Amino acid sequence: MLRFGGMERVKEGTRDEFRSALLEDAVRDLRYGLRALRRVPGFTIVSSLMLALGIGATTAVFSVVNGVLVKPLPYPKPGELVSLEHTAPGVSDDADVSMSAALLFTYRDENHSFQELGLWNAGSDSVTGQGEPEQVQSLYVSHGTLQVLGAQPLIGRRFSQKDHTPGSPDTVMLTYGYWQRRYGGDGSVIGRRLTVDSRPRTVIGVMSEEFRFLNADPDLIQPLRFEREKLNLGQFSFQGLARLEPGVTLAQANADVSRMIPIWLNTWPTFPGIDRAFFEDVRLTPALRPLKEEVVGDVGSVLWVLMGTIGIVLLIACANVANLLLVRAEGRQHELAIRAALGAGWARIARELLIESLALGLFGGALGLALAFAALRLLVAIGPATLPRLNEITIDPTVLWFTLIVSVLSGLLFGCIPVAKHAGPQIARALRGSGRTSSASKERHRARNTLVVVQVALALMLLVGSGLMIRTFLALRAVQPGFSDPDHVQLVRVGIPETQVADEERVFRMQSDMRDRLAAIPGVSTASFTSSAPMEGGTSDSVLLAREQTSAERQSPPVRRFKFVSPGFLRTVGTPLVAGRDFTWAEVNERRPVVMISENLAREMWREPAAALGKHIRESTENPWREIVGVVGDVHDRGVQEPAPALVYWPALMENFFNDRVQAPRSVSFAIRSSRTGTEGFLDEVRRAIGAVNASVPLAQIRTLGDVYERSLARTSFTLVMLAIAAAMALLLGVVGIYGVIAYAVSQRTREIGIRVALGAQHGQLTGMFVRHGLVLSTIGVICGLAGAALLTRLMASLLFGISRLDPTTYVVVSLGLVAAAALASYVPAHRATVVDPVKALRAE
């Protein structure tokens, strides 16, 4: 041993030789596999395309899942970020309560759990003084909000404490996109003046291109300013976020907030008209959760269901390729047997077959990646605007690794089946076996038949899921949203800032003048305005006191949604009056104490809509009672998939409302019913009508009520389209699989068919023989698929509306449709059996 340099040297040399041999063998097998695939270009192209469809679709959907659910939020130490939320079990089990400024100061002063915390809100403002007035999206942040996220400006500086102090000079920050769009990326923008809502503000900084603020897409960032001495227990109108101290858990933070709520309750004055007992009855309870959950919302179930369905499509594609490999391996039995006879072991043959399969998988993966690039653009384009983190969806290194792993696993998956069937000891028997055209035994077709059954079962599962989503979509479409003919209702939003018009009543007069001019546009049947159009969001909640309430008595008054409307708004959007009447212009102009409520609110309080007429409600004990003059049909204000909320419709001009002597919403949506909605000429006339009253207010959110309605269905539509695409791919691949099996069976039984024809067999009998074979396979697959669908649809139960996940109609229709498609796929190759010339068939044999 010493003569050879010692044991370690021998080991090292042996390992080097061994590695070298393995590497050489692998390279040689790879070259051999590539040459083998090159000799059968048709097989290679078809297999690669099938895999490309499956891998490409899987990669595209995974990119969405990765961008939305998997990626951490783009902030330093995102695991420390939490959303400050509360519940109010004293009001309702599902009542969510956000943050107020008083809560922020309390938590900031008393907490033991947070490094920093802040409030934020989103809205829109007008920018004037630089060309055409422009409506921009604004983000309002308290001190601490940008610090929580660790956001740093690209140029300039971040808001200081002084910027958040009332009375200090007005400042503003620009986001990168607005900086590029408005100033062309000019670095000298710092220090310039920007007129926002008629108030000049100094630009102090520009955020970096990478900056993202949760799901908001602002143009400007403005500081929130609170006068601490004027705050009270109410006004929960802000979103809150915080960064936990290192090592503090979510449970500890919730316990800390729970400790501070009584401090908040006993420190601040009560809301005007509401006593402290009300806030005690509300039982404010902390419900902090990771900020990522707040950003992602409930979209996770949709995306994971889509990921699962696309994975099933990939499995079907793999089954098809495995079937093709089985056919090819059967054609190579003699070749494999000769190689086995010449000394090639089972492992060597199996390795070569697997390398071919892996090469196919990698080809499919490369093509699939190219398809995924295109599909991802489509996904982002058709994805609902409410899909969170949409701008973070891309093909990044994580997605590339995923594609590589899926390609390799797919190659191994469909490659193992022919290896297990044809690389074993039975190879030797092939030398003694019959030729290609001899009748095949049942055992010979068992693997291929099994794969077809699996394909049909998987396809049926996807078709059932798609069918249930179609039924869900139809059920949602059948819901009466509470308005009619929304495509003919044009919506435009206009805001009149306080810095431009201080007097509230004058704001209302200007809005009334705009409405009159809009109503005078040719083709307009009616026009009106509201603080929030149906399904537009932005409604507010407040307590509701009833003087003559006879039902639903409770210790604390209920909290209900409200909005402000002008006379004629109900007629404009097509919401029916159930009882009573609409406001009159005289009532609104004279600020008479009148109000309308929704039908479900009337039933909740007085059992019958008509019984509510003449009753009185108010929002505060310090303000006058207001008479109910009308009961309005229910409106699905949060989308047709949500129950219609109880709504209060206050007049667009009031006095003594909350703390305001005169109340008129400064930002309103004009609703204009016309057959010309959406046309450029009509919108130009709308702009001129608004501009004739106030040329410095820009129009925002120009869309039809139909657009708003469709947006509420966007998530369901997106899920439906994705499932439909997956189901269509599964159906196509499943039918191709059945066709391939029957066609192969026909080709293998040519001699038998010739003999049968020579003996007088009828064409119908021969066709029926093969069609029955396809029907047997598809029926078994359907039975297996029904069981799988019953389990799979549990995952999508939360996505369904108005239909059971075990809806018998869907299951029956889908099953019959799939069997019919299988019968057709079987008939085409079976028909070829009827045209076999027995003489030629026997001569060929």
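Visitor: Two strands pair if DSSP finds at least two bridges between them, and how many bridges are there between strand β2 and β3?
Guide: Strand β2, residues 86-87, and β3 are joined by two bridges in the antiparallel sense, and H86 stands opposite V97 in β3. Strands (E, at least two residues) and helices (H or I, at least four) are DSSP runs, numbered from the N terminus. Please keep in mind that this is a predicted model, in which local features need pLDDT of at least 70 and side-chain atom pairs count only at pLDDT 80 or more, while totals for chains, interfaces and linings use all residues. Residues are numbered from 1 along each chain as its sequence is written, and side-chain values use heavy atoms, with hydrogens and water left out.

Visitor: Which sheet is that pair part of?
Guide: It is an open sheet of three strands in the order β3-β2-β12, with antiparallel pairing. Its edge strands, β3 (96-97) and β12 (285-286), each pair on one side only.

Visitor: Stepping back, how many helices and strands does the chain have?
Guide: The chain has 26 helices and 27 strands, and its C-alpha trace spans about 105 × 85 × 55 Å along the principal axes. Of its 845 residues, 53% count as buried, where buried means under 20% relative accessible area, exposed over 50% and partly exposed in between, using a 1.4 Å probe and protein chains only. With contact meaning heavy atoms within 4.5 Å, 80% of the contacts between residues at least 6 apart in sequence join residues at least 24 apart.

Visitor: What about the inside, which residues touch the most other members of the largest nonpolar core?
Guide: In that core, which has 94 residues, they are V64, V68, L303, L306, F414 and F770. Helix α9, residues 300-331, gives the most to this core, with 17 residues, and apart from it lies another core of 52 residues, including L476, L491, V524 and V668. A nonpolar core here is a set of buried Ala, Val, Leu, Ile, Met, Phe, Trp, Tyr and Cys residues joined through side-chain atoms within 4.5 Å.

Visitor: And on the surface, which residues form a nonpolar patch?
Guide: The patch is formed by L362, W401, L404, I405, L409 and L412, which together have about 580 Å² of accessible area, a value from the Shrake-Rupley method with a 1.4 Å probe, in which only the protein chains shown count as cover for residues. Patches are made of residues with over 30% relative accessible area and no salt bridge, with nonpolar side chains (Val, Leu, Ile, Met, Phe, Trp, Tyr) joined within 5 Å and like charges within 9 Å. Helix α12, residues 397-422, supplies the largest share of the patch, five residues, while L362 lies in helix α11, residues 346-382. L362 is partly exposed, at a relative accessible area of 41%.

Visitor: Back to strands, is β5 mostly covered or open?
Guide: Strand β5, residues 134-141, is mostly covered, since seven of its eight residues are buried. Strand β4, residues 114-128, runs antiparallel to β5 and is joined to it by eight bridges, with G123 having S138 as its bridge partner. The two form a hairpin with five residues between them, and G129 in the turn has a positive phi of about 90°. Strand β10, residues 220-223, pairs with β5 in the parallel sense over four bridges, where P223 is the bridge partner of V141.

Visitor: How many salt bridges does the structure hold?
Guide: The structure holds 34 salt bridges, each being a side-chain nitrogen of Lys or Arg within 4 Å of a carboxyl oxygen of Asp or Glu. One network of them links E134, R181, R182 and D219.

Visitor: Why does the R561 and D637 pair tie together parts that are apart in sequence?
Guide: R561 and D637 form a salt bridge, with the closest N and O atoms 3.3 Å apart. R561 lies in strand β18 (residues 559-565) and D637 in the loop between β22 (626-632) and β23 (647-651), so the pair ties together parts that are 76 residues apart in sequence. R561 counts as buried at 19% relative accessibility, and D637 is buried as well, at 3%.

Visitor: What about R515, is that one buried or exposed?
Guide: R515 counts as buried, at 15% relative accessibility, whereas D516 is partly exposed at 41%. The two form a salt bridge whose closest N and O atoms are 2.7 Å apart.

Technical notes
Pairing = 2+ DSSP bridges.
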